[in-house]
Amino acid sequence: MNVPRGACPTLDLLCSAALAVISMIFLGACTPRDGEQFHIYNRTVETVTIEHKVGGGSFATLAPEEVTSRGLAEDMCRELEPKESGWLVATGTESGRTYTYGPLLCNGRTWTIGK
């Protein structure tokens with residue numbers, strides 16, 4: 001028996017709802033949890049560019065009050081020793097002022113620039 005699509009709106013609605021729930025479950029499983037990421041908050045009044053202290057290379061630009069999060073390899077937190085010069089540097093695009101992050105880079109930690 002072939003029933004044309006739309007002939008039973010209740011069934012179509014239930015199928016759509018079931019598909020939405022299944023999609024949310026799968027997408028939720030792939031989203032990193034808060035403790036699985038390293039967070040960077042820009043609490044300055046200017047845009048900052050963030051780069052690695054060793055080897056350079058800019059990897060983020062944050063406007064004031066903007067946030068970014070990155071998932072890091074677990075061995076970064078255990079195997080690397082903190083350096084006096086720090087791991088990350090944020091530079092204000094207008095002032096040139098620099099902010100350095102020095103503790104180990106570990107998921108679940110937060111660097112608040114400007115505080």
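Where in the chain is the place of Thr44? Thr44 lies in the loop between β1 and β2. The views below start with the whole chain and return to this residue at the end.

**View 1. The whole chain is a predicted model with two helices and seven strands.** Local features need pLDDT of at least 70, side-chain atom pairs count only at pLDDT 80 or more, and totals for chains, interfaces and linings use all residues. Residues are numbered from 1 along each chain as its sequence is written, and side-chain values use heavy atoms, with hydrogens and water left out. Helices (H or I, at least four residues) and strands (E, at least two) are DSSP runs, numbered from the N terminus. Along the sequence the pattern is α-β-β-β-β-α-β-β-β. Of the 115 residues, 23% are buried (under 20% relative accessible area, 1.4 Å probe, protein chains only; exposed is over 50%, partly exposed in between). The chain exposes about 7,900 Å², by the Shrake-Rupley method with a 1.4 Å probe. Carbon and sulfur atoms supply 57% of that area.

**View 2. Four strands form an open sheet in the order β3-β2-β5-β6.** Pairing here is antiparallel; two strands pair if DSSP finds at least two bridges between them. Strands of a sheet pair through backbone hydrogen bonds. The edges are β3 (58–62) and β6 (98–101), each with a single partner strand, so one side of each has no neighbour in the sheet. The twist averages 20 degrees from one strand to the next (axes are lines fitted to C-alpha atoms; angles run from 0 to 180 degrees between N-to-C directions). β2 (residues 48–52) and β5 (residues 88–92) pair over five bridges. In this pair, His52 stands opposite Leu88.

**View 3. Three strands form an open sheet in the order β4-β1-β7.** Its pairing is mixed. β4 (67–70) and β7 are the edges, each with a single partner strand, so one side of each is left without a neighbour in the sheet. Neighbouring strands are turned by 15 degrees against each other on average, direction ignored. β1 and β4 run antiparallel over four bridges. His39 has Ser69 of β4 as its bridge partner.

**View 4. The largest nonpolar core holds 17 residues.** Such a core is a set of buried Ala, Val, Leu, Ile, Met, Phe, Trp, Tyr and Cys residues joined through side-chain atoms within 4.5 Å. Phe38, Ile40, Ile50, Leu88, Trp111 and Ile113 touch the most other members. β1 (38–42), β2, β3, β5, β6 and β7 (110–113) each supply at least two residues. Beyond its neighbours within four places in sequence, Leu88 has contacts (heavy atoms within 4.5 Å) that include Phe38, Ile40, Phe59, Tyr101 and Trp111.

**View 5. Leu62 sits in strand β3.** Its relative accessibility is 2%, so Leu62 counts as buried. Leu62 and Ile50 are twelve residues apart in sequence and 7.9 Å apart in space, C-alpha to C-alpha. Not counting residues up to four places away, Leu62 touches Ile40, Ile50 and Val67, among others.

**View 6. Thr44 is a buried loop residue between β1 and β2.** Its relative accessibility is 8%. The Thr44 side chain makes a polar contact with the Asn42 side chain (2.6 Å). A polar contact is a pair of N or O atoms within 3.5 Å; within protein, one must be able to donate a hydrogen and the other to accept it, and residues adjacent in sequence count only if both atoms are side-chain atoms. The Thr44 side chain also reaches the backbone oxygen of Glu46 at 2.8 Å. Leaving aside neighbours within four places in sequence, Thr44 is in contact with Pro64, Glu65, Tyr99, Ile113 and Gly114.
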